[in-house]
Amino acid sequence: MNQNTNSRRTALRSSMVGGLRAADAGHAHQLTGWVHRRRDLGGLLFVDLRDRSGLIQASFGPDWTESDSMERAHRLGAEDVVRLEGEVALRPEDARNPELATGEVEFRVTRMELLNRAETPAIPVHRGPEDELPAEELRLRHRHLDLRRNELQENLLLRHRLVLAVRNYFDGLGFVEVETPILTKPTPEGARDYLVPSRVHPGEFYALPQSPQIYKQILMTAGFDRYLQIARCFRDEDLRADRQPEFTQIDLEAAFVGVEDILGWIEGLMVEMTAVAGIEASPPFHRLTWRDAMRRYGSDRPDLRWELEITDWTELLRTADSALLQGAVDSGGKIRGFRLPGGASLSRREVEGIEAAAKAAGAPGLLWAKRAGVGEGGSGPLSRWLGEAHWAGMGAMEGDLFLVAAGPDRMTSPALSAVRTAAIEALEIPRVRDHAWLWVMDFPLLEEEDGVVWANHHPFVLPHPEDVGRLDEDPLSVRGLAYDLVYNGSELGSGSLRIHDPGLQRKVLRILGLEDAEVDRKFGFLIEALASGAPPHGGIALGMDRIVKDFLGAKSLRDVVAFPKTTAARALFEQAPSTVPEKDLADLHLSVVRRQEN
């Protein structure tokens, strides 16, 4: 008898269907589940019975099935819920199904009970290998049916196992799981908060947390030493395939730690989680500084499965007879791009497709040139400015394609990152590895544009000890002790060591433009906690939804979340958000003001 099957015994069933094997032949069972498919062969009738554990073929025949049950079985429809009594039997050799875990056996039904009749499903649950999925909006509208699909159930079961691995791993390291508030104080970036009106305090609001950041720092000042939470977080922002308005993160914080402690723990965690998911993680992970990542790949989350890197040709190409290139350099910009061996085979239309990716990322355009051969020049807009010395300096070989962007790094870096991705796809450049793990380190503490300064990660990142002396005279040059975990070009998590000195925390907040009174109003409870004797501490938050998505290679977070929102932030199944009766609004001291259309 399959032990795993036995552990699922309830009042209505003796086992789940997916665990039955040849060793169970001859044993009586009671099975429950959904009718996946029915095949009526006249005297014999076969029903594929499905539950969460899998699928088994149930057979009905006049020689072993009660007549009433046989009659009811002929009327079964897709997704009817049934309870079957009978015996496991070996299938004949020529009738076994090697693609099915239970394919060596069938369940011979002696008696059937119809537990619930199903209406005709709005979307099909059973699909053949050639059948396309219904449109996603239709599947989200009928999510209760879509979730019966084996693919989605396997995704969510993997998610469950990964979360279990996280808790077990950190429990072994002495972390304590603590729940932080869901109803909390609005953040300084309140435009992205979901606000909750208070009924008992008219005109006042809670906010749903974008992160437990401040609470977990306070837990360190309280002496908890090591904190963990599988935290639900909320952010009111435009959605993409890798974002949802509510999400789950693996949140941790620890006291008396350095950067290496956090990175070592997370690398160990990835080993545990990838073992569950059946993929590979081999510490120590590769490391790049933020500056090097942007210089070499144009991105702070480069996909290192490919080794294609940006080359800086500023000094070489500033001598080219081009007002455009010279102007870019004279205004402080650079000339950077890619050499693509064999890229000259791409058609003009394919090159223009790569250029479109650069424009979509913010560049005004892309210069390109194809190398014909030594002494033969080349073709393309860039080639008319290139002499043989330029071709040689760029390492040009016959059949090469050069893609170049000129201008300030803040414009060319994201454009060249997009070009890199598009070129890899267009040329079908082979990968050098299947699993690329990376730590990006030493991010700028602050960023600035048009006179506005903001924190690169958040305002609580500890400045690099080598740079902290420049906070007063050159704050934009200061690095933070922050680190991001990247897997195959996807940022899985972000963390840092935190400021634990209240005076330094005030200084950073002042640099960000906050007066002392505003600091006290917005962050007074954190400053008070730091002033009570805060230990050095740091942590990280990893996106649980994104981890599952990337481990599975899924296209969207909606494939790994049970009840996701659309890109318009709507829940189609339960029809949320929705309007609220005026009486209920009045109880919350609210009224809705409709915008006047122009």
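Reader: Which residues have the most contacts inside the largest nonpolar core?

Author: They are F170, I250, I266, M270 and M273, in a core of 73 residues. Such a core is a set of buried Ala, Val, Leu, Ile, Met, Phe, Trp, Tyr and Cys residues joined through side-chain atoms within 4.5 Å. Helix 7 (residues 259–277) gives the most to this core, namely eight residues, and a second, separate core of 23 residues includes F338, W368, A415 and L416. The model is predicted, so local features need pLDDT of at least 70 and side-chain atom pairs pLDDT 80 or more, while totals for chains, interfaces and linings use all residues. Residues are numbered from 1 along each chain as its sequence is written, and side-chain values use heavy atoms, without hydrogens or water.

Reader: What is I250 in contact with, leaving aside its neighbours within four places in sequence?

Author: With contact meaning heavy atoms within 4.5 Å, I250 has among its partners V166, F170, L228, M273, I540 and I547.

Reader: What makes a polar contact with the side chain of S496?

Author: The side chain of R498 does, at 2.8 Å, and the term asks for a pair of N or O atoms within 3.5 Å, where within protein one must be able to donate a hydrogen and the other to accept it, and residues adjacent in sequence count only if both atoms are side-chain atoms.

Reader: Why is one side of strand 12 and of strand 15 left without a neighbour in the sheet?

Author: Five strands form an open, antiparallel sheet in the order 12-13-16-14-15. Strand 12 (311–312) and strand 15 (378–379) stand at its edges with a single partner strand each, so one side of each has no neighbour in the sheet. Helices (H or I, at least four residues) and strands (E, at least two) are DSSP runs, numbered from the N terminus.

Reader: How do you know that strand 14 and strand 15 pair, and how many bridges join them?

Author: Pairing requires that DSSP finds at least two bridges between two strands. Strand 14 (residues 367–371) and strand 15 pair over two bridges in the antiparallel sense, and K370 stands opposite S379 in strand 15.

Notes. Buried < 20%, exposed > 50% of the residue type's maximum accessible area, 1.4 Å probe, protein only.
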